[in-house]
Amino acid sequence: MDDAVSRVLNGGALGAVHLCNAYTLSLASKSRSLARQLNRGSLNLPDGKPLVWIARGLGMRHLTRRVYGPELMERSFGDGQSLGIRHYLYGSSKEVIGALSRVISHRWPGALLVGAEAPPFGDLSDAELDAAAERFEVAGADIVWIGLGTPKQDYVAARLAERSPQTFVAIGAAFDFIAGQKRQAPRFMREHGLEWVFRLASEPRRLWRRYLVGNSVFIYENLRHRPRLAVPSIDE
């Protein structure tokens, strides 16, 4: 997490940053276009405990813990205060964006929030993204946080990175969690790979396919392909 926060805050205009979990990779295993966008990303972070387990089994011993999206966003707003980082919120709904903006101003009064908007639902046209990119530049945003759900937010981050020199972080449900619109799983569940159980129990009708089908595909693909990577030896 410390490395991820440092890269996001001090890495300049990174372009597209993706937070990946088992569901993200299960979708990418079936979609060449999504896999291509993830592979082209400037920074892909393991926002899922199973990814950390598998990566460490492949020799990536430096991956000691997951990069949890809401924590990454909270840390970036907090640590970014002294650095003068300018943030822009892009995603979700007007209600959530409004609540999130109020939470940010209360918890991090020194944070520079230079813009916040909820884009139209559905696919975003090139013209809409062109206009959004212009607004980001006019606002002087350094980081644009994108909360549109997977995989839409990953495509949008990649498309915006082609248009404007900022860091675009596809952050998932962090908007809802930090704004207090949805409950987060207890810490012990998040740290032991059980967050999906909590979220499935909280929203079964909306999330059953994501977790029951998506997680099964992820496990199947790992067993079928038995990934092998040549990785450098990195000290703990």
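## Aromatic pairs

The whole structure contains 5 aromatic pairs, where rings of Phe, Tyr and Trp (its six-membered ring) pair if their centres lie within 6.5 Å, with planes under 30 degrees apart counted as stacked, over 60 as edge-to-face and the rest as tilted. The model is predicted: local features need pLDDT of at least 70, side-chain atom pairs count only at pLDDT 80 or more, and totals for chains, interfaces and linings use all residues. Residues are numbered from 1 along each chain as its sequence is written, and side-chain values use heavy atoms, without hydrogens and water.

Two of the pairs are listed here.

| Pair | Centre distance | Plane angle | Class |
|---|---|---|---|
| F77 and W108 | 5.7 Å | 25° | stacked |
| F136 and F168 | 6.0 Å | 55° | tilted |

F77 belongs to helix α5 (residues 69–79) and W108 to the loop between α6 (94–107) and β4 (112–117), so this pair ties together parts 31 residues apart in sequence. Both residues, F77 and W108, are buried, that is, under 20% relative accessible area with a 1.4 Å probe, protein chains only.

F136 in helix α7 (residues 126–139) and F168 in strand β6 (residues 167–170) are 32 residues apart, and their pair links distant parts of the chain. F136 and F168 are buried as well. Together with Y88 and Y90, F136 and F168 form one aromatic cluster.

## The chain

Along its principal axes, the C-alpha trace spans about 50 × 40 × 35 Å. Of the 236 residues, 47% are buried.

How values were computed:
Buried means under 20% relative accessible area, exposed over 50%, partly exposed in between (1.4 Å probe, protein chains only). Helices (H or I, at least four residues) and strands (E, at least two) are DSSP runs, numbered from the N terminus.
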